[in-house]
Every structure is written in C-alpha cells, then in structure tokens.
Amino acid sequence: MADPSGTPSSVFKHAINLNRYGTGVSKKLMIAYNRIVVNATKELQAMSSEDYSSSYRAKRLRKIIGSLKTSLDGWAGDASKFMTKDLDALAKVESEFALAQLLQEIPDADGLVRELEISPQFAKAVVTKDPTELNLVTTEAGDALTGKGVYKLTAKQGTPMVLPNGDTVEKAFRGIANTSAQKFRLVVQDGMLTGLSTDKIVRQIIGRQGGMKFATGQNISARALSLAGGEKGTRLANHQIMSLVRTSINQVSNTASQETYKANTNITKKYRYVATLDSNTTLLCASKDGKLFDYEEGPMPPLHFNCRSTTVPVIDWD
C-alpha cells in the first residue's frame with residue numbers, strides 16, 4: 001500500500017529499520033569511546049590519593065594524558081575500520097532493497113532490471129577518501145543488445161562523498177579523538193589551578209553517573225548514552241559520534257539506491273524525494289518532500305547532519 005504521494009509503505013518501514021541500525025552502530029562506538037575516557041579518569045582519581053611530590057604528580061598527569069591520546073587515536077582508527085566494514089554490507093543491502101522496489105512496481109521486469117555490483121573499494125573510499133590507496137574503477141556500460149550488464153558501485157563514486165561539513169568519516173573520527181584529548185587536558189589543568197577537587201574535575205568530564213554504567217552500555221539506550229557525560233567532557237563527543245554515524249549511513253544508503261536506479265534508466269528517469277515528516281524535520285527537507293527530480297540533477301540526501309530523507313524511483317511507464 002502506498003501513501004497519496006505514491007511512496008510504498010515498505011519505504012517508510014525500511015527507513016525506520018535503517019534508523020534503528022544506525023542507532024545500534026552508534027552505541028557500539030560510543031561505548032568504546034566512553035570506556036577509554038572513564039579509564040583515564042580512574043587513573044586521575046588514583047593519583048589524587050598518592051602522597052608524592054608535585055613534580056612526580058605533574059609527570060604522572062602527563063603520562064595519563066599521553067595514554068589517553070594514544071587510546072583515543074586507536075579508537076578513531078578502529079572506528080573507521082568498523083564503519084568501512086559496516087558500510088560495505090549496508091551498500092549491498094540498500095542496493096538489493098532498491099532493486100526490490102523496481103520489481104515491486106514492475107513484477108514482470110526480471111529481464112529488464114539491471115543489478116548493481118558493490119565493490120569493496122566503495123566503502124573504503126567513503127570512509128578514507130585517499131585516492132593513492134584506491135583503485136578507481138569506472139562503471140561498466142553493459143550489453144546494449146540484451147539490456148543486461150554489470151553496473152558497479154566503486155571507489156569512483158565513493159571518493160567524492162563527504163559529510164555535510166566537508167570531512168570524511170575517518171577525518172571526523174580523528175577530530176573527535178583529538179578534541180576529546182585536548183578537552184581532558186584543559187579541564188584537568190584548569191581544575192587543578194582553581195583548586196577543584198578531583199571528584200569535581202572528574203564529574204565535569206564524565207558526569208554525575210561516574211561514567212561506569214555508560215562505559216558498559218548495559219540497559220542503556222543509545223539516546224541516553226549520547227546525553228550522558230560531563231558538560232566539559234564526553235557529552236559533546238557522544239552527540240558527535242551518533243550524528244556522524246547516522247549521517248554516513250544515510251549517505252551510503254541513498255547513494256546505493258540512486259546508483260541502482262540510474263543503472264535502470266530504461267525503466268526510471270526521475271526520482272521522488274521523501275522526507276521523514278515530524279517535529280524534527282528541517283525546513284530544507286520538508287520543502288523538497290514529494291517533489292520529482294531528474295537523476296544527477298536533483299538533491300540527494302543527506303542534506304545536513306542527522307538527515308533522515310530518502311529517495312524512491314518513479315517508473316517511466318511510457
């Protein structure tokens with residue numbers, strides 16, 4: 001069943017499932033990030049109970065901050081690898097879903113619909129965007145006589161893809177790691193200079209909950225996890241991780257779908273922009289909801305961070 005705009009209900013159900021998937025991925029990365037910061041605050045608390053000279057304490061503090069920076073850098077690298085693997089699998093699922101949408105509209109079009117092959121280099125290009133490490137492969141045209149062929153989604157399509165602020169996924173994770181390490185150092189140094197107790201300094205970093213339950217993620221929703229942490233510490237990073245993951249997932253989902261549709265221009269020449277309409281919908285997306293656009297010429301989600309919009313093919317019955 002479709003809504004009045006002609007969008008199948010399966011599209012909306014799929015959007016909900018995609019949002020849940022993004023939430024799950026975000027939670028895993030947030031748990032790993034918070035665990036690193038919580039461990040650093042434990043070392044900070046242990047240091048406060050030691051009766052050593054100020055020079056020793058300063059040396060110990062430098063070691064804690066250095067260890068935190070190293071661990072966060074490792075987290076950023078692991079997060080990029082994790083996203084590369086997940087986005088590769090996601091692109092395949094989204095291409096299959098887009099293909100199913102075409103077949104749902106034209107049930108007897110098995111011989112007309114062309115499949116999209118996802119290269120492993122696509123997801124890597126989306127995350128890293130390093131042309132020196134990527135083998136750029138062009139899209140194959142297919143057999144003009146039979147209408148069948150192999151259409152590929154490769155590094156060529158993935159390399160130009162960046163987040164709304166112009167960063168790659170990898171760069172965004174590195175930015176979170178660097179900023180978090182700098183904030184930790186500044187909060188600790190400022191707290192000690194102003195005479196704050198260690199407990200108050202730790203609270204500024206990981207919040208009143210002490211970070212322990214949030215570091216494990218047990219029985220905590222991703223939203224609660226994103227809101228957890230200290231005002232001068234982990235809370236902002238948690239928000240950034242969730243926003244980054246959701247946006248990159250939306251980007252890959254729409255790219256895989258659009259490329260599948262464009263591989264089938266014998267069936268579809270236009271697409272419909274579909275926004276998720278609720279109190280969180282931006283005016284930018286709401287203004288485009290339901291409108292038709294030509295492939296390569298219209299807007300493609302995500303148009304902003306946390307964008308939930310998608311696109312659906314419009315069958316060219318002529």
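Residues are numbered from 1 along each chain as its sequence is written, and side-chain values use heavy atoms, with hydrogens and water left out. In this predicted model, local features need pLDDT of at least 70 and side-chain atom pairs count only at pLDDT 80 or more, while totals for chains, interfaces and linings use all residues.

**Exercise 1. Find which strands pair with β3, and state how many of the residues of β3 are buried.**

Step 1. Helices (H or I, at least four residues) and strands (E, at least two) are DSSP runs, numbered from the N terminus. Two strands pair if DSSP finds at least two bridges between them. Buried means under 20% relative accessible area, exposed over 50%, partly exposed in between (1.4 Å probe, protein chains only).

Step 2. Take β5, residues 310–315. β3 pairs with β5 in the antiparallel sense, over six bridges. Here Tyr271 stands opposite Pro313.

Step 3. Take β4, residues 292–294. The pairing with β3 is antiparallel too, over three bridges. Arg272 stands opposite Leu292.

Step 4. Check burial. β3 spans residues 268–274, and five of its seven residues are buried, so the strand is largely enclosed by the rest of the structure.

**Exercise 2. Classify the ring pairs Trp75–Phe173 and Tyr261–Tyr295.**

Step 1. Apply the criteria. Rings of Phe, Tyr and Trp (its six-membered ring) pair if their centres lie within 6.5 Å; planes under 30 degrees apart count as stacked, over 60 as edge-to-face and the rest as tilted. The whole structure holds five aromatic pairs.

Step 2. For Trp75 and Phe173, the centres are 5.5 Å apart and the planes stand at 85°, so this pair is edge-to-face. Trp75 is in helix α2 (residues 54–105) and Phe173 in helix α5 (residues 169–193), 98 residues apart. Both residues are buried.

Step 3. For Tyr261 and Tyr295, the values are 6.4 Å centre to centre and 45° between the planes: a tilted pair. Tyr261 lies in helix α9 (residues 234–262) and Tyr295 in the loop between β4 and β5, so the pair ties together parts 34 residues apart in sequence.

Step 4. Tyr261 is buried at 2%. Tyr295, at 9%, also counts as buried.

Step 5. Ring pairs join Tyr261, Tyr271, Phe293 and Tyr295 in a cluster.

**Exercise 3. Show how the buried residues of α6 are arranged around its axis.**

Step 1. List them. In α6 (residues 198–206), Thr198, Ile201, Val202, Ile205 and Ile206 are buried.

Step 2. Look down the axis. The buried residues of α6 fall within an arc of 110° (taken from the directions from the helix axis to the C-beta atoms), so they line one face.

Step 3. Recall the geometry. An α-helix has 3.6 residues a turn, so residues three or four places apart point the same way.
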